[in-house]
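Please look through the sequence and the model shown here before reading on. The paragraphs that follow go from the whole chain to its core, and then to some of its strands.

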Amino acid sequence: MLDVRTVLCKGTLWVILLCLLVTCGTSQQLRAHRSDPSECANCVDEGVGLAGNRWTMPLLKLGEKRYYLGIFFKANWYRAAQYCRYHGMHLASINSQEENDKLEKHIRDFAGLGHEHFWTSGTDQAEEGVFFWMSTGRPVTFTNWNTGEPNNFRYENGEEEHCLELWNRDGKGLKWNDTPCSFETFFVCEVP
Ligand SMILES: [Ca+2]
Ligand SMILES: [Ca+2]
């Protein structure tokens, strides 16, 4: 015959055992969660699909920077910027001759798209003639403007040129040109 104390004692032991199991399971889950690579904010290039709306993007590593070439559809500057942001990136900035040359070489020699136009994040929409990289908020310091650019050309519909594209205008390579932000073309995103 079990008396009340034995039953209570056994019951308490079971509760303690259950508590230990639950605690242990939770901490294991937490550890698994912390080491889950899909939680990494910059993992777009690691072949790991991010949860939610982001996709795995085929990134291009050139020097210290990682880019995505937007060559599957053409878009105006705003839509291109939105597309990059949606995938955890920004339209690209170019801060040195080395960055410029590596990107140009890849677009021309590897992608075979040296004749196309590509958006960067450069713009002078805030103040005419003063170009900033929207990706970083920093002023454009290194420049690679084509001859006569930026010329802020004014079109018949009144639109002027406020967005910075790469364009091989005259066979001298992918130089910089200011062009209307509504122009639809390819683009370069970069991982921040
Ligand atoms: Ca302008
Ligand atoms: Ca221009």
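Of the 192 residues in the protein chain, 28% are buried. This is a predicted model, and the chain averages a pLDDT of 82, with 71% of the residues scoring at least 70. Over residues 16-53, however, the pLDDT is below 50, although this stretch has 26 contacts in the model beyond near neighbours in sequence. Where pLDDT is low, the predicted coordinates should not be read in detail.

The secondary structure of the protein chain consists of three helices and eight strands, and from the N terminus on these elements follow the order α-β-β-α-β-α-β-β-β-β-β. Among the contacts in the chain with a separation of 6 or more, 63% are between residues 24 or more positions apart.

The largest nonpolar core has 33 residues, and those with the most contacts inside it are Tyr67, Tyr68, Leu91, Trp119, Phe187, Val188 and Cys189. Two or more residues of this core come from each of β2 (65-75), α2 (77-86), α3 (97-110), β4 (117-123), β6 (163-167) and β8 (185-190). If residues up to four places away in sequence are not counted, Tyr68 touches Met57, Leu59, Leu60, Met89 and Cys189.

One of the elements that contribute to this core, β6, is mostly covered, with five of its five residues buried. In a regular strand the side chains alternate between the two faces of the sheet. In β6, Cys163, Glu165 and Trp167 point one way while Leu164 and Leu166 point the other way, and all of them are buried. β6 runs antiparallel to β4, to which four bridges join it, and here Trp119 stands opposite Glu165. Five bridges also join β6 to strand β7 (residues 175-179), again in an antiparallel arrangement, and in this pairing Leu166 stands opposite Trp176.

The last stop is Thr185, which is found in strand β8. Is Thr185 buried, or is it partly exposed? Thr185 counts as partly exposed because it has 19 C-beta neighbours inside 10 Å, whereas a residue is buried if 20 or more other C-beta atoms lie within that distance. Leaving aside its neighbours within four places in sequence, Thr185 is in contact with Lys74, Glu116, His117, Phe118, Trp119 and Glu165. Thr185 and Gly70, which are 115 residues apart in sequence, are 9.0 Å apart in space from C-alpha to C-alpha.

Key
Residues numbered from 1 in each chain as written. Chains lettered and ligands numbered in written order. Predicted model: local features only at pLDDT ≥ 70, side-chain atom pairs only at ≥ 80, totals over all residues. Core = buried A, V, L, I, M, F, W, Y, C linked by C-beta atoms within 7 Å. Buried ≥ 20, exposed ≤ 12 C-beta atoms within 10 Å, placed from the backbone. Contact = placed C-beta atoms within 7 Å. pLDDT = per-residue confidence, 0-100. Pairing = 2+ DSSP bridges.
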